[in-house]
Amino acid sequence: LSLDEFRRASGGLPLQLYAPYFCGSYNDYFNDTGSGWRGVRSDTSLPGCRDYDFWDASPDESGRFYDWFFSVGIDVGMISFETDFMNQNRNCVPSFRGTVDGAERWQRGMADAARDAGATVQLCYATPPDALASLEFDAVTNFRASFDYCYGRSWDVGLSSLLIGALGKIPSKDTFWTTTNDRTVTPGCEWTEDREIPGAALHLTLALFTAGPVGISDGPGYTDVGLVRGAISADGTLLKPSRPATLADSLLRARCDDQKDLPAFTSNGGNPPSSFSNSSEARRPLAPTPTDRRPTTRGLYYRGKKSASAAKAEAEAEVYVTHSAVVPSDDLPSGSARAWYVASFRVPRPFDLLRSDLYPPPPEEDEARTASTTTTTTTKLAWRRFDGGISCVDGSLAIESGCLSSSDGEGISIPASVTKGGFDHTVTIVYPPPCVRSGWRLLGELTKLVPLSEARFSSVACTDGGVAFRLKGMTGEVVEVTAVDATGIVHVYDIRVPSTDEQILFHAEDMQLAQVVTRSN
């Protein structure tokens, strides 16, 4: 099929098109008999470049070439463009290596052409200099921060996302399968454990938690639709967090113990600068520090004494943290959060994640100000494991029923995960203290991995009698929203969205200004 035929066959779906570079042996763009664009060619004799013989547009011609190239893509439904092997593009082309601004001017031509075409750009296997250069390129919105799913370990995005997110861009992970796809053989890729069923839910969770694009690469008919629904609204909108998930600070400090520098990114064939893929070889184990529920110097609470091998395993644990942002209200301090989300896996034994690992940090005190008084209460966080909402039953007591657990002040309990295979995982949702004015706490849409996504809840505020929020979704969509009142009783509401163009203002205490669907037991 041609691209145009493919688009028609798929019902006109928007496309992300892909081109890492252009063939070195022959192409229709950059050669003596081509269409006239000047090109620059890689040098396969450079270190790590033996298998990379290709052409790119020259820095001077980049804008003109990509203006034409993207116009062809737009005609067949392209809304986004991915260019890959940025590490090789930067390090294997003498014209880019030997000049101060050659690579940047090549990128600028591509980014400006995408901007003018109304498209966005994703950079894959990029280098830190690519990320820094992208600060001037609004069309470059995201970077792939993971290895290829084909080769395994594409869940390893916790370190790369730190730099990408700090620069105001969005990381993403590689596409993934939601089922085993009948164990279909992929040429060049050995079967890895993360393609087994337990890995599918983890890949979906981490892809969503990057806050970037989510790519599902199942064969036709193999997608686990029920699994995917935990990440989207009825119209397919990603219900994602407000910032990219990153490795918990305590674990980052543990891995950097006794090192002057942060863990290095992997290099490809020894090519500096290295690309955005996280290096397990660069991690140092956590030094053995016998503890008994006492805080270590790195901020974690470990349970019992540990050997050197146990300490190393703890340093290798994967715990990623992100959050949904809050719209400040009178009694929720600015800079707090509606909820924090913690994905944990490869955790050898239970530990407590400290409040200091949550960002924005939860307040130590919550203040409620009225016209005449100011009261101060000590905050107490609550948390729950993601279970699709089955543990939070309408009318039950939140704590006693197991819907919520309450923090004892030290931190949030993170359970051990089965390390064989590495894909037993847990998603923990952490909630700020209840509203001081009313004592209510909004838990959100518990069937979703991110139950208080800004894509669903555009604003949340405490009221004198409960909690209020603005809700959005597809016309006719029924959203199940859970809250806990001041007496600790769980309330579950089914709220129908009247119009895609409208947002419901819903008051949980009296169900005002919303059409509520009668719940069927």
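This passage describes the predicted model of one protein chain, from its overall make-up to selected residues.

Residues are numbered from 1 along each chain as its sequence is written, and side-chain values use heavy atoms, with hydrogens and water left out. As the model is predicted, local features need pLDDT of at least 70 and side-chain atom pairs count only at pLDDT 80 or more, whereas totals for chains, interfaces and linings use all residues.

The protein chain contains 12 helices and 26 strands; these elements are DSSP runs numbered from the N terminus, with helices (H or I) of at least four residues and strands (E) of at least two. Of its 521 residues, 52% count as buried, where buried means under 20% relative accessible area, exposed over 50% and partly exposed in between (1.4 Å probe, protein chains only). Among contacts (heavy atoms within 4.5 Å) with a separation of 6 or more, 68% are accounted for by residues 24 or more positions apart.

The largest nonpolar core has 113 residues. Such a core is a set of buried Ala, Val, Leu, Ile, Met, Phe, Trp, Tyr and Cys residues joined through side-chain atoms within 4.5 Å. In soluble globular proteins, nonpolar side chains tend to be buried together. Within this core, Tyr-66, Phe-70, Leu-353 and Leu-442 touch the most other members. Beyond its neighbours within four places in sequence, Leu-442 contacts residues including Tyr-431, Leu-452, Phe-457, Val-481 and Ala-483.

Pockets were identified on a 1 Å grid over the protein atoms alone: a pocket is an open set of points with protein on both sides within 12 Å along at least five of seven lines, and lining residues have an atom within 4 Å of a point, whereas a cavity is a set of points where a 1.4 Å probe fits but cannot get out. The lining comprises 36 residues, with Gln-16, Glu-82, Gln-122, Thr-175 and Gly-215 nearest the centre of the pocket. At least two lining residues are supplied by each of strands S1 (15–18), S5 (78–83), S6 (120–124) and S7 (140–144), and the largest share, 4 residues, comes from S1. By class, the lining has 16 nonpolar, 14 polar and 6 charged residues; Ala, Val, Leu, Ile, Met, Phe, Trp, Tyr, Cys and Pro count as nonpolar, Asp, Glu, Lys and Arg as charged, and the others, Gly among them, as polar.

Helix H5 (residues 102–117) has 16 residues and reaches 23 Å from its first C-alpha to its last, close to the 22 Å expected, the expected span being 1.5 Å times one less than the number of residues. Buried positions in H5 include Trp-106, Gln-107 and Met-110. Gly-118, which follows H5, has a positive phi near 75°.

Positive phi values, near 55°, also occur in Tyr-125 and Arg-183, neither of which is glycine. Tyr-125, in the loop between S6 and helix H6 (128–133), counts as buried because its relative accessibility is 18%. Arg-183, in the loop between strand S8 (170–172) and helix H8 (197–209), counts as partly exposed at 44%. The peptide bond from Tyr-359 to Pro-360 is cis, with omega near -5°, and Pro-360 lies in the loop between strands S13 (351–354) and S14 (365–369).
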